[in-house]
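Good morning, and thank you for coming. Please look at the sequence and the model on the screen, and I shall then describe some of the contacts between side chains.

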Amino acid sequence: MIYRIVHVTEYSYAESVATSHHLLHLAPRDTERQLCLREALAVSPTPASRSERVDHFGNRTTYFEVQEPHRRLTVESRRDVELTALPPPPSSGGPEWESVRDLVRQPRNVELLAACEMTYPSPFARVSDQVVRFAAPSFPPRRPLLDAVADLTHRIYEDLAYDPTATVVSTPVDEVLRLRRGVCQDFTHLEIACLRAMGLPARYVSGYLVTHAEPGKPRLVGADASHAWLAVYSPGDGWVPTDPTNDVVPDQRHITLAWGRDFGDVTPMRGVIVGGSRHELRVSVDVSPLGDDGAVLEDRPLLAQSQSQSQSQSTDQDRDQVQDPDRAQVQPGGGAISERDGGGGETTTGGSGTSARADRQSE
């Protein structure tokens, strides 16, 4: 099946922005389960320069700068992605979790070195005593790794409530544990921190969910917005994904965008601006089936005015700076913008965005 992903981000500024610089993670990765067939990226105003590169984790990134004064910035990414019908990833079994921990402590090849890198705490997935205590019940001695991961995923799903108003991008994992609520990004960071607390490799995955529900199954949290889940390294199986927000093993409904240590490595759009003052953000994400042959069911020009499923939020410069400690430095007289999940209520575009409902069971 081929899907078209249309991800539109629009900033409207109260005052003119003199210049702006932005980095995008909006190009879906090619994996054994998916292939990006066609793509288009449009920016208005037209950037003075634009370049692409592959980052440390193998994600395709786009950098651009706008040097003319502007009161509005629009970025529209359109990608056609083919999902391959493969057997679902394993959800149980695997080697004993202690053997995996010990194996990656002394990496002897490139694959294990990449796994070892994902065992260390990162800015959004820090390890603490509270995290260790939460993780420990899922890891009794000699338990198969994927059984332990499935148990941990289920516990997070059961113990934490989905609440898009409870957290912001800078909310630490310990606070998420105390509140027992958050969004996809929070659940994912919590499980990553738990796995790393046990010495296990876990990486953050950003992407999208197919927006239609399969017959007889509820629509997953995260449809019509960006989403986040994680993958754990299991020798012999590779990187095995799990989605704690929905308590499922990602397969044909999860489209991978990028991966890294945590959200900070894969922010869909971030940047630094000079000027602008207050701003309003509108974000829309649509994932539509094109059919098995890629026949377009509906098409429209890039940067069209229709932006269904959009979300907006106004914020002042000082509040925005407090909420993203990992953002680039702000130039004098300017402001900086960070992109977060679409459901978090902040000035963001996504990474772990979710649909605007608080009850995972009802939709």
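Predicted model: local features only at pLDDT ≥ 70, side-chain atom pairs only at ≥ 80, totals over all residues.

A search of the whole structure finds 15 salt bridges, a salt bridge being a side-chain nitrogen of Lys or Arg within 4 Å of a carboxyl oxygen of Asp or Glu. Residues are numbered from 1 along each chain as its sequence is written, and side-chain values use heavy atoms, with hydrogens and water left out.

Let us begin with Glu 39. Which residue forms a salt bridge with Glu 39 at 2.6 Å between the closest N and O atoms? The partner is Arg 60. This pair links distant parts of the chain, with Glu 39 in strand β2 (residues 34-44) and Arg 60 in strand β4 (residues 60-66), 21 residues apart. Strands here are DSSP runs of E with at least two residues, helices are runs of H or I with at least four, and both are numbered from the N terminus.

Glu 39 also forms a salt bridge with Arg 79, where the closest N and O atoms are 3.3 Å apart. Here too distant parts of the chain are linked, since Arg 79 is in strand β5 (residues 70-83), 40 residues from Glu 39 in strand β2. Are these residues buried or exposed? Arg 79 is buried, with a relative accessible area of 5%, whereas Glu 39 is partly exposed at 39% and Arg 60 is partly exposed at 28%. Buried means under 20% relative accessible area, exposed over 50%, and partly exposed in between (1.4 Å probe, protein chains only). Together with Glu 52, the residues Glu 39, Arg 60 and Arg 79 are linked in a network of salt bridges.

A further salt bridge joins Glu 175 and Arg 178, at 2.6 Å from N to O. These two are three residues apart in helix α5 (residues 173-179), so about one helical turn separates them. Glu 175 is partly exposed at 27%, and Arg 178 is exposed at 58%.

I turn now to helix α1 (residues 97-105), where Trp 97, Glu 98, Val 100, Arg 101 and Val 104 are buried. Seen down the axis of α1, the buried residues fall within an arc of 160°, so they line one face of the helix; the arc is that of the directions from the helix axis to the C-beta atoms. They pack against α2 (110-117), α4 (145-159) and β9 (226-234).

Next come the aromatic rings. Rings of Phe, Tyr and Trp (its six-membered ring) pair if their centres lie within 6.5 Å; planes under 30 degrees apart count as stacked, over 60 as edge-to-face and the rest as tilted. By this rule there are five aromatic pairs. The rings of Trp 97 and Phe 139 have centres 5.4 Å apart and planes at 75°, so this pair is edge-to-face. Trp 97 is in helix α1 and Phe 139 in the loop between α3 (129-135) and α4, 42 residues apart. Trp 97 is buried at 6% relative accessibility, and Phe 139 is buried at 5%.

Tyr 204 and Phe 263 also form an edge-to-face pair, 6.4 Å centre to centre with 65° between the planes. Both of these residues are buried. Ring pairs link Phe 124, Tyr 204 and Phe 263 into a cluster.

Finally, of the 363 residues of the protein, 55% count as buried.

Terms used
Contact = heavy atoms within 4.5 Å.
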